[in-house]
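Subject: Structure handover

Hello,

Here is the structure for you to look through. My notes on what was found follow below it.

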Amino acid sequence: MEENQGILELDNEEFINKIQEKNIKISVIGLGRIGLPTAVAIARSDLPTIGVDINQKIVELANIGKLRINDEPGLEEALQKVINTGKFSATTQIKDSVSDADIIIVCLPTPLENDSKKTNYQFLIKGCCKIAKNLKKNSLVIIESTVGPGIVENEIIPVLEKYSDLISGKDFGVVSCPERANPSTILTDFNKIPRVVGGINEKSTNFASHLYQFVFKIDVVRVKNCKTANAVKVVENVFRDVNVAFINEIAIFCDRMGIDVNELIAGCKTKYNFIPHFPGPGVGGPCLPVNPYQLLDAPESENILQVVRTARKINSEMPKYVIKLVEDALKEVNKKLDNITIGVLGISYKPNVGDIQLTPIKEIVQKLKQMNFKIKIFDPFFIKKEFLSIQTEENIENLVNNCDVLILGTDHDEFLKIDFQKLKKLMKSSGIIIDTRGKISSIEVRNAGLVFRGIGTTVK
Ligand SMILES: NC(=O)c1ccc[n+]([C@@H]2O[C@H](COP(=O)([O-])OP(=O)(O)OC[C@H]3O[C@@H](n4cnc5c(N)ncnc54)[C@H](O)[C@@H]3O)[C@@H](O)[C@H]2O)c1
């Protein structure tokens, strides 16, 4: 093969040989939660990889083997190794990476605009515009960012073509391979969760599939086109959002009926076709509360997908139900409302992760503040940090001390070993425990002489 030959000029076998010779240059755009581990994993399989981020601090840290986050086991060590082998480096200059790359993997953010509930594709579009200006002929662009079905075809490819002066399918390839890994287990998920790959033509799909199989040693599910791959990613999360909404409403119904939702779920799951989901204070993170809107953004969703819309409404109203449980418990113990201190245990959107993106606990704390309660917060991932202008506590004891109400916001492992007898001595009299995660034994709490409320688990 000639030195300047682009990879799309190769046949399948030649491409596989080139990968095995570790002779494919990779560029990863966006070095955040997804992009950095992706770049590190690729470099770990000895393919020369250059990561790009507009944030200079991230690039500087990455180049000295340091991370901004502390909840991805093994990532820092893996980063240091690939820096030492010389297979990975980071830059802020897209040109330095893309103009020489055979494959460009795009891991740019696609956040939700809170007010309009529309996805903001501007980071992705601006990034693709810069990629296009430096794109080498016969290279392959892989979009890993989560986007609604149709966005790659209707918005991304036109930008890539316009600013490169090249034609997709003829001069360069495009593939959607949406990332499905979860925060805190990204590196292990890479080697466990199959990749869904859909490209604009067979060669794009094949080459991307070979790359993922080589790097991650996982199954690849090939689908017909980009929009199908993007729909898979979005729909699998909408499925969870809808099911969580269903069980959230069932949990509220259980509280009204005097049924324990955990007992109910345990019974239901003995039937082979019941898939258990669990109630909570709402859903958070970069995917579940965002992906339904990426489906609803499509003009084709007009007048349909009502179940998706209703599920979003139910889940986003769960913080209000938590407040109702607090008010109800305060009424039971007959406390005066003008001097109440509420401790919040955990603010992350899910357990054992230091991630507060779209966490439903934010809305709970906001509402409690508006009600003039004094709020204290403890989360092992956010010690002595600011959260909604509240300085978080150093340890559980400081949090619990003199609290009237304690709310389990996130079920981090260390909160599941709490001794409620000891805890009662630290709290003010007539202490109240609110469990938003269905993880606390109401019997233990009540035996300790505390008042208990839970989402679907309040029954005595
Ligand atoms: N975080 C997750 O758990 C997760 C899981 C699956 C999929 N995803 C999807 O992956 C994509 C990336 O998400 P993330 O969580 O890694 O985002 P992130 O915010 O952690 O990282 C994105 C990075 O891109 C950089 N960036 C922004 N514009 C840029 C540009 N023009 N050029 C170069 N760098 C730029 C930012 O500085 C940031 O470091 C999103 O579409 C998200 O929905 C995320």
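Helices (H or I, at least four residues) and strands (E, at least two) are DSSP runs, numbered from the N terminus. The model is predicted, so local features need pLDDT of at least 70 and side-chain atom pairs count only at pLDDT 80 or more, while totals for chains, interfaces and linings use all residues. Residues are numbered from 1 along each chain as its sequence is written, and side-chain values use heavy atoms, with hydrogens and water left out.

Ser430 sits in the loop between helix H17 (420-426) and strand E16 (432-435). Ser430 is not a glycine, yet has a positive phi of about 50 degrees. With a relative accessible area of 32%, Ser430 is partly exposed (buried is under 20%, exposed over 50%, partly exposed in between; 1.4 Å probe, protein chains only). Lys384, also not a glycine, has a positive phi of about 55 degrees. Lys384 belongs to the loop between strand E12 (374-378) and strand E13 (386-387).

Parallel strands

Strands E1 (residues 26-29) and E2 (residues 49-52) run parallel and are joined by four bridges; strands pair if DSSP finds at least two bridges between them. Ser27 has Ile50 in E2 as its bridge partner. Four bridges also join E2 to strand E3 (residues 88-91), again in parallel, and there Val52 is partnered by Thr91.

Asp71

Asp71 lies in the loop between helix H3 (56-63) and helix H4 (75-84). Its relative accessibility is 5%, so Asp71 counts as buried. The side chain of Asp71 makes a polar contact with the side chain of Arg33 at 2.9 Å (a pair of N or O atoms within 3.5 Å; within protein, one must be able to donate a hydrogen and the other to accept it, and residues adjacent in sequence count only if both atoms are side-chain atoms). The Asp71 side chain also reaches the backbone nitrogen of Gly354 at 2.8 Å.

The ligand

There are 23 residues around the ligand, and Arg33, Ile34, Asp53, Thr110 and Thr146 come nearest (a residue is near if one of its heavy atoms lies within 4 Å). An N or O atom in the Asp53 side chain is 2.6 Å from an oxygen atom of the ligand. A ligand nitrogen atom lies 3.3 Å from a backbone N or O atom of Ile54. For Leu108, a polar backbone atom is 3.4 Å from a ligand oxygen atom. Taken alone the ligand exposes 840 Å², of which the protein buries 88% (Shrake-Rupley method, 1.4 Å probe; for residues, only the protein chains shown count as cover).

Regards
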